[in-house]
Amino acid sequence: MSAFAYDGLAMAGRKLRRVRNSPGLAVLTQLMPVNMLLFFGYVFGSALAMPGREYRSFLVPGLLVATAAGGLMTGMFQAAQDTHRGVTDRFRTMPVSRAAVPLGQAVADLVVTAVGTVPLLLTGLAVGWRIEGSAAGAVGAVGLLLLFRFACTCAGIFLGLLSRSEDAAGQLGASSFVLPLLSNAYIPTGNLPGWLRALAEWNPISAVTTALRDLFGNAPVPEGSAWPVAHPVAGSLLWSLVLIALFLPLAVGRYARAE
């Protein structure tokens with residue numbers, strides 16, 4: 001095993017042990033999207049044109065992607081915590097690959113996300129959501145979801161390394177909660193005003209959400225949409241790869257430089 005792989009696994013193991021030692025936080029993180037599914041599915045579902053089970057089938061992919069986008073907040077806060085508590089400085093003094101530290105954090109977050117989506121999927125099945133497409137499409141949907149989570153975590157790690165304090169990172173990360181609201185994660189964008197619809201459909205969350213709905217067979221691709229939503233799989237891959245190509249090198253470079 002190469003030194004880079006060994007260091008990366010060690011950093012990922014460290015992050016996973018932190019999750020194991022904070023079970024309450026892990027449970028709370030997993031229960032939040034489940035609560036949102038039950039609340040939105042039964043409260044909003046009765047007020048929209050697609051009531052009941054149909055709206056809940058529409059909603060589950062959106063909540064999966066909104067949870068994946070939470071990697072921005074998680075990565076930001078964890079990186080800021082390590083930076084401002086001196087952990088990052090200690091790692092810099094050790095013979096550890098510079099790329100392994102942020103990459104290990106992102107990989108560990110990916111493992112936690114994969115496990116954490118299970119309660120949401122089971123709850124979705126309990127309230128009427130079904131995988132109505134092919135098995136290959138479902139596997140592709142999960143792959144796109146995890147790729148997007150990895151991209152969001154890379155962006156969050158870089159922003160966390162830039163932050164001036166843990167509190168600042170927490171406040172900025174919490175503000176990212178508005179991003180799924182400016183997308184098609186919870187409601188269709190067809191009836192939005194023109195400028196707002198364009199903003200929502202060029203949101204990466206909208207492309208990934210539409211791709212999941214299409215691959216799971218829950219809803220067709222809407223007509224007349226912006227390019228990322230009209231070509232959701234290609235749009236999702238492009239958005240994710242652009243975010244990774246931009247923020248992963250920036251995160252590694254920022255980590256390698258002392259403040």
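Mentor: Let us start with a term: a cavity is a set of grid points where a 1.4 Å probe fits but cannot get out, whereas a pocket is an open set. Please keep in mind that this is a predicted model.

Trainee: OK, how many cavities of 30 Å³ or more does a search of the whole structure find?

Mentor: The search finds 2 of them, and the largest cavity holds about 110 Å³ of space.

Trainee: Which residues lie nearest the centre of the largest cavity?

Mentor: Among its 13 lining residues, those nearest the centre are Asp82, Thr88, Val101, Pro102 and Gln105. The lining of this cavity comprises 8 nonpolar, 2 polar and 3 charged residues, and helix 1, helix 4, helix 5, helix 6 and helix 7 each contribute at least two residues to it.

Trainee: And the largest pocket, what volume does that have?

Mentor: Its volume is about 1,300 Å³, and 42 residues line it, with Thr29, Gly70, Met73, Thr74 and Arg149 lying nearest its centre. By type, the lining of the largest pocket has 22 nonpolar, 15 polar and 5 charged residues.

Trainee: Switching to packing: which residues touch the most other members of the largest nonpolar core?

Mentor: Those are Phe148, Tyr186 and Leu212, in a core of 55 residues. Helix 7 gives the largest share of this core, with 13 residues.

Trainee: What is Leu212 in contact with, leaving aside its neighbours within four places in sequence?

Mentor: With that exclusion, Leu212 is in contact with Pro61, Leu64 and Val65, and also with Ala141, Leu144 and Leu145.

Conventions. Residues numbered from 1 in each chain as written. Predicted model: local features only at pLDDT ≥ 70, side-chain atom pairs only at ≥ 80, totals over all residues. Heavy atoms only, no water. Core = buried A, V, L, I, M, F, W, Y, C linked by side-chain atoms within 4.5 Å. Buried < 20%, exposed > 50% of the residue type's maximum accessible area, 1.4 Å probe, protein only. Helix = DSSP H or I, 4+ residues; strand = E, 2+ residues; numbered from the N terminus. Contact = heavy atoms within 4.5 Å. 1 Å grid on protein atoms, 1.4 Å probe; cavity = no way out; pocket = protein on both sides within 12 Å on 5 of 7 lines; lining within 4 Å. Points joined across faces, edges and corners; volume = space filled by probe spheres on them. Nonpolar A, V, L, I, M, F, W, Y, C, P; charged D, E, K, R; others polar.
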